[in-house]
Amino acid sequence: MTPYMHLHILASGSKGNAAVVEGPTGSVLVDCGLSRKRLYERAREAGCDLSRVEAILVTHEHSDHTTGLPVVCRRFMGPVYATAGTASGRRNLADVPFTLIDSGDTVEVGGMVIRAFSTSHDVNDPTCFRFEVRGQAGEPDEDELLDALAWATDTGFLTDDALDALYGCRIIGIEANHDARLLATGPYPAYLKARVASERGHLSNEQAAQAIPALVTHNTEVVVAMHLSEENNRPSLAVRALAQALGAEAADTTFTEARSPDGLLSVCAASQYVPITLW
Ligand SMILES: [Zn+2]
Ligand SMILES: [Zn+2]
């Protein structure tokens with residue numbers, strides 16, 4: 001695949017999530033779990049131009065995905081897409097002018113076709129999104145899939161929709177929230193451990209590692225672990241789990257990056273504090 005899109009993960013984790021997908025003619029912001037000020041700081045660090053953002057997509061209403069949204073939306077003229085469950089899920093989102101979508105719906109923004117798919121989380125109607133660039137009508141490559149990326153986070157398991165959406169993307173983001181052992185022995189109270197590990201909680205390193213081999217194809221160049229817990233995970237554990245499942249080897253001494261023996265596939269982890277850009 002040709003990299004028609006790239007992905008800036010400005011923040012990923014329980015203290016705030018925001019990502020920008022840059023498409024051929026415009027960008028979208030996915031989630032706004034950072035203050036407006038911090039969002040702009042992170043974008044500047046990442047070399048990401050937020051003035052290209054033509055639409056905002058919201059995965060679900062949890063505050064780590066929506067904290068900055070009301071303020072950002074005051075000066076944002078484009079559509080803000082979310083399901084009805086997300087739009088009505090939090091009182092402080094009442095003034096956000098949502099355009100309602102359902103999982104399975106597609107929207108076209110910035111030269112990208114974006115499809116919402118359902119996830120399994122302890123909220124009403126959560127989604128994530130798959131982004132595609134296809135050949136233009138009237139061109140020889142009309143409707144041919146030229147580039148695809150997707151990620152799934154905040155999901156207790158990967159729904160069939162999610163598996164379908166992640167399959168064969170050039171960039172695959174997969175939640176690797178916790179190491180099962182660290183969660184079990186860690187500081188969280190029992191009810192919270194149960195919530196995180198439940199079918200409507202968060203995906204573990206082990207679950208992500210089990211799923212990833214069937215999602216990666218010859219098109220896949222990057223697998224990025226996302227929404228890592230600071231208490232119950234380490235970047236090296238998430239990367240190691242995914243790398244081992246894919247036959248990739250450590251690319252550095254700290255095991256925060258790995259590469260397949262042929263060098264075509266890399267595995268890395270997104271961060272809560274440092275933006276990363278995937279080309
Ligand atoms: Zn979250
Ligand atoms: Zn959540």
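These legends go with a few close-ups of a predicted model.

**View 1. Helix α9, end to end.** Here's α9, which runs over residues 235-246. How far apart are its end C-alpha atoms? They sit 17 Å apart, and that agrees with the 16 Å you'd expect from twelve residues at 1.5 Å a residue.

View 2. The buried set is L237, A238, V239, R240, A241, L242, A243, A245 and L246. Their cover includes one helix, α8 (205-211), plus the strands β12 (222-226), β13 (249-250), β14 (257-259) and β15 (266-269).

**View 3. L242 and the largest nonpolar core.** This core has 82 residues, and the ones touching the most other members are A150, I174, I212, A225 and L242. α9 gives the most to the core, with eight residues. Zoom in on L242 and, leaving aside neighbours within four places in sequence, you'll find it in contact with A176, A208, A209, I212, V223, A225 and V267.

**View 4. G78 in its loop.** Now for a loop residue: G78 lies between α3 (69-74) and β5 (80-82). Is G78 buried or partly exposed? It counts as partly exposed, because it has 15 C-beta neighbours inside 10 Å, and buried takes 20 or more. Beyond its neighbours within four places in sequence, G78 is in contact with E54, A55 and I56. As for S35, that residue is 43 residues from G78 in sequence and 19 Å away in space, C-alpha to C-alpha.

How values were computed: Residues are numbered from 1 along each chain as its sequence is written. Chains are lettered from A and ligands numbered from 1 in the order in which they are written. This is a predicted model: local features need pLDDT of at least 70, side-chain atom pairs count only at pLDDT 80 or more; totals for chains, interfaces and linings use all residues. Helices (H or I, at least four residues) and strands (E, at least two) are DSSP runs, numbered from the N terminus. The expected span of a helix is 1.5 Å times one less than its number of residues. A residue is buried if 20 or more other C-beta atoms lie within 10 Å of its own, exposed if 12 or fewer, and partly exposed in between; C-beta atoms are placed from the backbone. Two residues are in contact if their C-beta atoms, placed from the backbone, lie within 7 Å. A nonpolar core is a set of buried Ala, Val, Leu, Ile, Met, Phe, Trp, Tyr and Cys residues joined through C-beta atoms within 7 Å.
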